[in-house]
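Hi,

Here is the structure I said I'd pass along. Have a look, and my notes follow below.

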Amino acid sequence: METVNIKELNERIQKESAFVDIISMEMNKVIVGQKHLVENLLIGLLADGHILLEGMPGLAKTLAINTLANIVDAKFNRIQFTPDLLPADVIGTMIYSQKSEQFQVKQGPIFANFVLADEINRSPAKVQSALLEAMQERQVTIGDNTYRLPKPFLVMATQNPVEQEGTYPLPEAQVDRFMLKVVVSYPKKEEEKLIIKMHNAREFPKASPVLKPEDIVRAREVVKDVYMDEKIEKYIVDIVYATRTPEEYGLGKLKDLISYGASPRASISLAMASKAYAFIKRRGYVIPEDVRAVCYEVLRHRIGLTYEAEAENITTENIITDIINTVEVP
Amino acid sequence: MRRLQYILMLAFAVLAVERLSAQEQMIPIEKPAWLEIKESSLSRDSILVGEQVVWSTVLSMPQEQELLFAPYAEVVEAEKAPIDVIHDFKLDTIAIKNGIREIEARLLLTSFDSGYYKLPLMVALTPQGDTVYLDSPFLDVTNIQIDTAKFVMHDIKGQMRYPITFREMLPWIALALALLLLGYLLYRYIKYRRENRDFFGKPVVKDPPHIIALRELDKLHGEKLWQNGKEKLFYTGVTDTLREYIEARYGVSAMEKTSAEIMESLTDKKIEERNYRELDELFKTADLVKFAKYSPQVHENEEAVPAAVRFVNATFMQELEDEKQKGEEQQ
């Protein structure tokens, strides 16, 4: 039987998670508000999961990931997805060098620690597949050689929820590869006033590099060690199962609204994201609050709605709310 | 052995019928000396088409003798007589006197062809294998005389419906009564359940939430769980009891809420600061035990149940005071 020294683990996490406050502080220098976005960026970073962002343009999505890359002192690349983009434009290709009279590998923009795939649904499926495959495998094959992607590797893809014309929506199987789907909302009035002030100032604030990519890799190992009790595991499984067979949890009304429930990858992501959340909260163990805190981000893109649900304007968020209000907390 | 004998005799009878068929009406009436036909008559000499008539024959013979009658329906069929046998031979010994036995053979016949017929002969076999032919009476089958001058055509009559008897109705009545009874019992069960009464209508005494909680806490205290190293089970029991109590007392769905959410939902309730803080502490310790493998100190374990009891009692007393105050205000 596995023995866990919680006291020792707690002390270790207290020590290792000290940088979380520093990151938050540095991020807050540049990003006004969007606490939820910053928190989820950290969860994705620590839980080794990618993030799908949905929000209107101009909500500091690019700025947030750029700032995070600066803080971690890591390489950041932005890829603007367009209809004429090719897989080689993302992962790289072989080019012929006249000088050496040989084919040489030209690595694509995916070779970075932080990649922003802007408007991912503007490119056709072949480009999306190339990116998502690299996200999953964390390696890219160009010609005959396979290249490992750098660590840490975090992809943040954005989708515009309004414009649907000329887009290629991500298939369910590919959306499932994103650990979190974060919906970015508008800032509050006070926050927006502050944003104006910051931009009117002579110099725009800049985050300082306070971490090394190795620190993140080490922190990820600690996150994996965060203790998760069997009761929490059961709670996660119950929540995920309730998306598949809601009637077994007294949620018969949801049966006709859900076309498909969350996959086992959702259970894994929910567990990992809960651990990362506990780490951010500087705890060495997961409590039900942690699961509930990341539930919406992990599940909202993994539940399929029926036509009936769409006709009644029921969203996946409504379904998740019903589920977490019904499944018994341990 | 006797059975075999009868089978053989029956075979002989069938052969006799066939022989009779072959020879048509050429066979003379034959009977042994020991057999006497005392009576052979029809219940009616003349019948209308389709009416029924009984042919009754009384035979007298020594007691030790036996006769086996060939089925009359086969005889009729073999002779192709325009007669229909409704009931074949019904033999009945009507008297045994001085070693002489009297047998009555009865047949129920009808005919659908008009005419004056001599009925086919009765065929029987003796145990010795002799075939016996017995004389038969004449039958006059007449049609209904219709006066065509005065005849008026009537419409075809509908199917005659016999009145349904009580015996036929009885199973349906029983089924209807059973369904009515079942429906009534179901209605009563649902009604009583809603009114919080048992099956016989007696009100079910449901303990108030604080009594249930105190009973559960007392039970947990008696089980000595933490003393036996089952702290997790102990704290789960204590917090579950409190969550159920909070749910019943304040209508907060505490079983589906986390500790922090429960405490948040209790902020607007009339709970003394000291009790609120004590409950918060208890939930926090329980969460540590349940989710962080925390081993509480002995004094923490000893204090868990009393703290829970204090919260239950205090909130119950608060409710009593509120009710009293409300009553005074109404007066």
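What volume does the largest pocket have? About 730 Å³. Pockets and cavities come from a 1 Å grid over the protein atoms alone: a cavity is where a 1.4 Å probe fits but cannot get out, a pocket is an open set with protein on both sides within 12 Å along at least five of seven lines, and lining residues have an atom within 4 Å of a point. A volume is the space filled by probe spheres set on the points, which are joined across faces, edges and corners.

Ground rules: this is a predicted model, with pLDDT of at least 70 needed for local features and 80 or more for side-chain atom pairs, while totals for chains, interfaces and linings use all residues. Residues count from 1 along each chain, chains are lettered from A and ligands numbered from 1 as written, and side-chain values use heavy atoms, without hydrogens or water.

Back to the pocket: 25 residues line it, and A:E54, A:Q159, A:K181, A:R300 and A:H301 are the closest to its centre. The lining has nine nonpolar, ten polar and six charged residues (Ala, Val, Leu, Ile, Met, Phe, Trp, Tyr, Cys and Pro are nonpolar, Asp, Glu, Lys and Arg charged, the others, Gly among them, polar).

There is also one cavity of 30 Å³ or more in the whole structure. The largest cavity holds about 70 Å³, and its 13 lining residues include A:P330 and B:D287, both among those nearest its centre. That lining splits into six nonpolar, three polar and four charged.

Cheers
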